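Please look over the sequence and the model before reading on.

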Amino acid sequence: MSAANDANIEYIDWNNAFEILDKAFKLGIFVLIIGPKGTGKTTLVRKFAKQVSKELSSVNFSLRTRESHLIGTNTIDNGQINFVNGVLVHSMTQGDLL
Ligand SMILES: Nc1ncnc2c1ncn2[C@@H]1O[C@H](COP(=O)(O)OP(=O)(O)OP(=O)(O)O)[C@@H](O)[C@H]1O
Ligand SMILES: [Mg+2]
């Protein structure tokens, strides 16, 4: 995601968020960021991904989101069955942030 790695992202760290994300990142644990709409959650994560030089993948959940979007799905190309990774498997195998 090119916008996700925009070097010019500004984030005002009013809540020590970078320090907390950094700790979690170094320990390899997941982070849940909760807050009202438009309060900078996505901006924070984009900036953090930039700081640690990681690609950032994202997925929006809707009623039409299926397990296969995350895990992957089989496709048939020229009579050959191939497995195409979903966003979760892709980002895990690349060592990206999701
Ligand atoms: N702490 C902050 N520092 C800099 N910009 C901020 C901050 N908080 C919000 N913004 C700005 O507010 C706008 C909305 O922020 P963002 O999209 O990151 O919010 P969000 O919490 O991810 O919202 P949503 O819940 O809708 O996904 C962006 O333009 C962002 O730059
Ligand atoms: Mg957001």
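Which residues does Phe83 touch, not counting residues up to four places away in sequence? Phe83 touches Gly72 and Asn74, where touching means that the C-beta atoms, placed from the backbone, lie within 7 Å. This is a predicted model, in which local features need pLDDT of at least 70, side-chain atom pairs count only at pLDDT 80 or more, and totals for chains, interfaces and linings use all residues. Residues are numbered from 1 along each chain as its sequence is written, while chains are lettered from A and ligands numbered from 1 in the order in which they are written.

**Overall form**

- The protein chain holds 4 helices and 2 strands, taken as DSSP runs numbered from the N terminus (helices H or I, at least four residues; strands E, at least two).
- Along the sequence these elements follow the pattern α-α-α-β-β-α.
- The protein chain is more spread out than a compact globule, because its radius of gyration is 16 Å, well over the 13 Å that the globule rule gives for 98 residues; the radius is taken over C-alpha atoms, and the rule is 2.2 Å times the number of residues to the power 0.38.
- The C-alpha trace spans about 55 × 30 × 25 Å along its principal axes.

**Phe83 and its strand**

- Phe83 belongs to strand β2 (residues 80-85).
- Phe83 is exposed, with 11 other C-beta atoms within 10 Å; a residue counts as exposed at 12 or fewer such atoms, buried at 20 or more, and partly exposed in between.
- Phe83 and Thr73 are 10 residues apart in sequence and 5.6 Å apart in space, C-alpha to C-alpha.

- Of the 98 residues of the protein chain, 8% count as buried.
- In helix α2 (residues 41-51), the buried residues are Leu44, Val45, Arg46, Lys47, Phe48 and Ala49, and their cover includes α1 (17-27).
- The largest nonpolar core has 5 residues, namely Leu21, Leu44, Val45, Phe48 and Ala49. Helix α2 gives the most to this core, with 4 residues.
- A nonpolar core is a set of buried Ala, Val, Leu, Ile, Met, Phe, Trp, Tyr and Cys residues joined through C-beta atoms within 7 Å.
- Leu44 touches Tyr11, Ala17 and Ile33, not counting residues up to four places away in sequence.
- Ser53, which follows α2, has a positive phi, near 55 degrees.

**Ligand 1**

- Among the residues around ligand 1 are Glu10, Trp14, Lys37 and Thr43, with each C-beta atom, placed from the backbone, within 6 Å of the ligand.

Definitions and conventions
Contact = placed C-beta atoms within 7 Å.
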